Amino acid sequence: MYSNYTTPVEFDMRDVRIVDFRSDTVSLPTARMRKAIYEATVGDDVYGEDPTVKELESRSAKMFEKEAALFVPTGTMANLLALMVHCSRRGSEAIVGDKAHVFLYEQGGAAQIAGVLLNTIPNLPDGTFCLDQLQNKFRGLDVHEPQTSLVLVENTHNMCGGKVLPLKWLDALAEICKKNSAKIHMDGARVFNAAESLNVPVSRIVRDVDSVCYCLSKGLACPVGSVLIGSNDFIKEAHRLRKALGGGMRQVGFLAAAGLCALDEIVPKLKYDHIRTRQIAESIRNLNSSLITVDLENLHSNILLVELLNKKLRPSELTQRLAEVHPKEIEDGLVDSSKRGISVKISARDWAYARIVVYTNVTDEEVNLAIRKIAYVVEEYQHNLK
Ligand SMILES: Cc1ncc(COP(=O)(O)O)c(C=O)c1O
């Protein structure tokens, strides 16, 4: 369900132009980033001797206006460390949206490794959840119950289609959590996209959260890495536990150098990813199709959910057909400037949605190729349904 890769069967791959919208995780390092990696000054980071890692950590802490930061290999490890530190008391629980990455796609590491109970609350379509419901979920001091230590939010919200959590909602959430002595962790894998969309600094978004992590290897185009950010005490403990999880890395400044480059080069350009996502969304909406549509009014960032309206075209079918190149398309002139057929990769999410994700390497030409291919395939299905 999570990713969907199909190979066109009728064509040699060399004849095919592939445009890949499955995820921003497939983004590739830029030339400037590759140079920064090559030239990085490095040392043994487990000994605390890698100056480039230190620079990324201190710069991240400063940007987010928190005390300290820690470079970790993945977003999954960053979230797990947050759970382990905030819920260190045995018998703790964390409340999390039922569509959160932490709940759905991190293998239940909270239970498996951290010994933390995840208590879910239904996510609303905008990535938030009902704060009255949250209030009712906090446990009291009854000896029968676990202790609610943490509330976890995701921003932007991946499964909800790149939704940006409203600042007002975050402010109200902080008040409730404070009242109930619970900490807040933000899975900010794409928090820079949220900041871009709201036109505020990331520090405003995370003002009242106790910890946040952001991913370098999604829309920021780095090969590896996430940064976990919080107070000095929080990071000190996360640093200790990172070693236990096998996340103590040595000359990792090569990767931190990519991260520093991303902050300079990619973050200021995220707006173009959002613009291109909107162009694709508008083109789908303009098809006025009974088969597929998009919620243009609630498109916030670089993740577009394509809704399949008619059970005669399933997300998996659309995904497969877009990736294939049929001889008739070539005859009909659906080719790129080198006369190659166009394979568009997207991912099927569930029974009703497919997902398109835009990232820095996606060009205007590729957006246009995708728009043409989607229009062609939808027209083909409409025709066959008649
Ligand atoms: C919202 C969110 N959080 C966390 C992760 C996990 O990141 P990683 O793949 O680096 O473990 C992802 C990955 O796609 C994600 O989308």
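**Confidence and the ligand shell**

The protein has an average pLDDT of 95, and 96% of the residues score at least 70; pLDDT is the predictor's confidence in each residue, from 0 to 100. Over residues 1–8 the pLDDT is below 50, and this stretch has 20 contacts in the model beyond near neighbours in sequence. Two residues are in contact if their C-beta atoms, placed from the backbone, lie within 7 Å. Among the elements, helix α14 (residues 327–331) has the lowest confidence, at a mean of 94, and strand β8 (residues 226–230) the highest, at 99. Helices (H or I, at least four residues) and strands (E, at least two) are DSSP runs, numbered from the N terminus. This is a predicted model, in which local features need pLDDT of at least 70 and side-chain atom pairs count only at pLDDT 80 or more, while totals for chains, interfaces and linings use all residues. Residues are numbered from 1 along each chain as its sequence is written.

The shell around the ligand consists of Thr25, Thr74, Gly75, Thr76, His101, Glu154, Asn158, Asp187, Ala189, Cys215, Ser217 and Ser226. A residue is near a molecule if its C-beta atom, placed from the backbone, lies within 6 Å of it. By class, this shell has 2 nonpolar, 8 polar and 2 charged residues. Ala, Val, Leu, Ile, Met, Phe, Trp, Tyr, Cys and Pro count as nonpolar, Asp, Glu, Lys and Arg as charged, and the others, Gly among them, as polar.

Tyr214 is in contact with two members of the shell: leaving aside neighbours within four places in sequence, the contacts of Tyr214 are Gly188, Ala189, Val191, Phe192, Ser226 and Val227. Tyr214 sits in strand β7 (residues 211–215). Tyr214 counts as buried because 34 other C-beta atoms lie within 10 Å; the cut-offs are 20 or more for buried, 12 or fewer for exposed, and partly exposed in between, with C-beta atoms placed from the backbone. The peptide bond from Asn155 to Thr156 is cis, with omega near 0°, and Thr156 lies in the loop between β5 (147–154) and α7 (167–179).

The largest one has 112 residues, and Leu81, Leu83, Ala94 and Leu228 have the most contacts inside it. Such a core is a set of buried Ala, Val, Leu, Ile, Met, Phe, Trp, Tyr and Cys residues joined through C-beta atoms within 7 Å. This core takes at least three residues from each of domain 1 (13–27 + 269–385) and domain 2 (31–265); the bounds come from an automatic or database domain assignment. Leu81 touches Val72, Leu228, Ala238, Leu241 and Arg242, not counting residues up to four places away in sequence.

The C-alpha centres of the two domains, domain 1 and domain 2, lie 31 Å apart. Their contact takes 16 residues from domain 1 and 15 residues from domain 2. On the domain 1 side, α12 (270–286) and β10 (303–308) give two or more residues, and α12 gives the most, with 4 residues. That side has 5 nonpolar, 8 polar and 3 charged residues.
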